[in-house]
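Open the structure in your viewer and keep the selection tool at hand. The stops below say what to select next and what is there.

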Amino acid sequence: MRRHQPVPIGAGTVIAAVVAALITVLAGLVAVAPKARAATLTRIGDFGANPGNIQMHLYVPDNVAARPGVLVAMHGCNGQATHFHQQTEFASLADRYGFLVIYPQANKSANGLSNCFDVWSNEALRHGGGSDPVSIVSMVNYVVRRHNGDPARVFATGFSSGAMETVNLLATYPDVFKAGAPFAGVPFGCLGPPGCNDRTPQQWGDLVRNAYPGYTGPRPRLMAWHGTADDVLNFSMLQKEVDQWTDVHGVSRTPTSTTSPQPGWTRRLYGSGQVEAYTVSGAGHNLPHPGMAVHAIRFFGLDGAGPTPTPTPTPTPTPSSTPGGDGRIRGVASGRCLDVPNSSTADGTQLQLWDCHGGANQRWALTSSQELRVLGGKCLDAAGTGNGAGIQLYSCWGGANQKWRVTPDGMIVGVQSGLCLDAAGTGNGTRLQLYSCWGGANQRWTLGAT
């Protein structure tokens with residue numbers, strides 16, 4: 001295995017030096033086939049615009065969901081899409097949960113390394129510029145059209161060069177990718193001038209914002225992983241990714257929680273889940289390890305529906321199940337209303353219980369798309385899919401985590417998670433969360449009550 005020096009920190013870093021640090025041991029070949037077949041990895045020849053001249057491989061599980069999510073999974077330099085498919089757990093998780101996996105095959109070379117993804121050219125660093133990002137977006141569009149993929153559930157992940165392209169796609173195509181999980185990567189723009197030198201968080205964030213000038217929609221969430229003993233891409237790159245994406249999301253760089261999901265792992269959560277950072281003690285440049293991919297899939301919400309989900313019908317509007325009158329949603333246990341603190345419209349605002357007063361920040365409308373909207377177009381949004389996941393205000397984007405089913409007995413059930421809107425207390429300021437449905441008064445609501 002070829003060895004490389006770590007990326008220097010605090011010194012001028014040229015493109016060639018960083019690209020030369022990218023390495024993976026993945027290699028292999030794949031048979032060419034005209035179209036995807038269930039439970040096989042298939043080369044797709046003509047998928048649309050391909051300015052990067054890269055190959056597309058697609059994995060379609062046997063039990064594909066009716067409206068599957070789409071994951072782009074990318075290898076590192078010197079790698080092969082086929083071996084990334086074989087040696088990672090994304091395909092087996094697709095078998096379990098019914099989503100589709102695109103494995104692009106990179107072909108760029110630099111300083112003796114082959115099969116790298118372009119994350120350094122001017123074309124690759126801007127929306128609509130060309131090169132590999134445009135090719136990958138074409139792959140996504142192909143899958144959405146050909147396999148009834150869900151455009152609201154498109155995600156990216158990858159290792160090393162593939163991790164860099166993951167972050168690159170989040171920056172240049174935030175309208176396509178909803179979240180990403182880079183394993184052993186660097187922040188967006190690190191390979192452009194002046195390299196990976198220290199920048200302020202705002203300067204890192206500006207690189208992302210300038211990749212798609214004028215874009216005002218929601219930004220993708222980020223789950224970044226890095227080993228402390230990475231001798232190819234220095235561990236300090238993880239904090240630079242955190243600095244960049246917390247600035248992009250406008251959340252504090254102080255973690256809201258720090259936990260250890262497994263021995264040797266440290267998970268830091270920022271904001272209400274917009275950014276997560278995993279430190280893997282003692283790990284080198286060889287991620288993801290077994291058991292890590294499932295955390296990324298859970299972060300994306302691709303584990304919520306199962307392999308053959310049953311579409312949830314939109315409730316028929318009735319006085320008992322649809323906000324009407326002043327649109328209040330009142331907790332049965334507390335007698336208090338679902339409330340947006342201080343009428344904030346900022347994405348990520350945590351929702352609460354508060355004395356009912358009928359103000360605009362307590363007037364909700366259930367749409368035909370199963371969204372609960374308030375304050376002129378903001379949605380009730382679940383920040384995760386497990387017990388205890390926060391309930392927040394977020395720009396409406398059509399994701400399954402913003403769709404809700406109201407039961408006849410007044411429970412509000414998340415379509416993505418199958419969990420209930422739950423109040424952990426009864427007093428003013430009580431935060432809302434997702435929790436397993438059990439029918440308690442703290443999970444029952446009267447909608448449109450006066």
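Begin with the largest pocket, which holds about 860 Å³ of space. A pocket here is an open set of points on a 1 Å grid over the protein atoms alone, with protein on both sides within 12 Å along at least five of seven lines, while a cavity is a set of points where a 1.4 Å probe fits but cannot get out; lining residues have an atom within 4 Å of a point. Grid points are joined across faces, edges and corners, and a volume is the space filled by probe spheres set on the points. This is a predicted model, in which local features need pLDDT of at least 70 and side-chain atom pairs count only at pLDDT 80 or more, while totals for chains, interfaces and linings use all residues. Residues are numbered from 1 along each chain as its sequence is written, and side-chain values use heavy atoms, with hydrogens and water left out.

Select Arg-221, Glu-276, Phe-299, Ala-383 and Gly-384: of the 43 residues that line the largest pocket, these are the closest to its centre. Next, colour the elements that give two or more residues to this lining: β9 (221-227), β11 (265-270), β12 (275-280), α8 (293-300), β19 (378-382) and β20 (391-395). Helices (H or I, at least four residues) and strands (E, at least two) are DSSP runs, numbered from the N terminus. Which element gives the largest share of the lining? It is α8, with four residues. By class, the lining of the largest pocket has 16 nonpolar, 18 polar and nine charged residues. Ala, Val, Leu, Ile, Met, Phe, Trp, Tyr, Cys and Pro count as nonpolar, Asp, Glu, Lys and Arg as charged, and the others, Gly among them, as polar.

To see its lining, select Val-119, Leu-125, Met-164, Val-167, Asn-168, Val-186, Pro-187, Phe-188, Gly-189, Cys-190 and Leu-191. Nine of these lining residues are nonpolar and two are polar, with no charged residue.

The next stop is Ala-171, in helix α5 (residues 161-172). Ala-171 is buried, with a relative accessible area of 0%; buried means under 20%, exposed over 50%, and partly exposed in between (1.4 Å probe, protein chains only). Show its contacts (heavy atoms within 4.5 Å). Leaving aside neighbours within four places in sequence, Ala-171 touches Phe-188, Val-208, Ala-211, Tyr-212, Arg-219 and Trp-245. Pro-220 is 49 residues from Ala-171 along the chain, yet their C-alpha atoms are separated by 8.2 Å.

Display the cysteines next. The structure holds five disulfides, each a pair of cysteine sulfur atoms within 2.5 Å. With bonded cysteines counted along the chain, the pattern is 1-2, 3-4, 5-6, 7-8, 9-10.

- Cys-190 and Cys-196 have their sulfur atoms 1.4 Å apart. The torsion about the S-S bond is about 125°, so this disulfide is right-handed. Cys-190 is buried at 2% relative accessibility, and Cys-196 is buried at 0%.
- Cys-337 and Cys-356 have sulfur atoms 2.0 Å apart. Cys-337 is in strand β14 (residues 337-339) and Cys-356 in the loop between β16 (352-354) and β17 (365-366), 19 residues apart. Cys-337 is buried at 0%, whereas Cys-356 is partly exposed at 22%.
- Cys-379 is joined to Cys-396, S to S 2.1 Å. Cys-379 lies in strand β19 and Cys-396 in the loop between β20 and β21 (404-406), so the pair ties together parts 17 residues apart in sequence. Cys-379 is buried at 0% relative accessibility, and Cys-396 is partly exposed at 22%.

Finish with the aromatic rings. The whole structure has eight aromatic pairs. Rings of Phe, Tyr and Trp (its six-membered ring) pair if their centres lie within 6.5 Å; planes under 30 degrees apart count as stacked, over 60 as edge-to-face and the rest as tilted. Select Trp-225 and Trp-265: this pair is edge-to-face, 5.3 Å centre to centre with 90° between the planes. Trp-225 is in strand β9 and Trp-265 in strand β11, 40 residues apart. Both Trp-225 and Trp-265 are buried. Tyr-278 lies in strand β12, so its pairing with Trp-225 in strand β9 ties together parts 53 residues apart in sequence. Tyr-278 counts as buried, at 3% relative accessibility.
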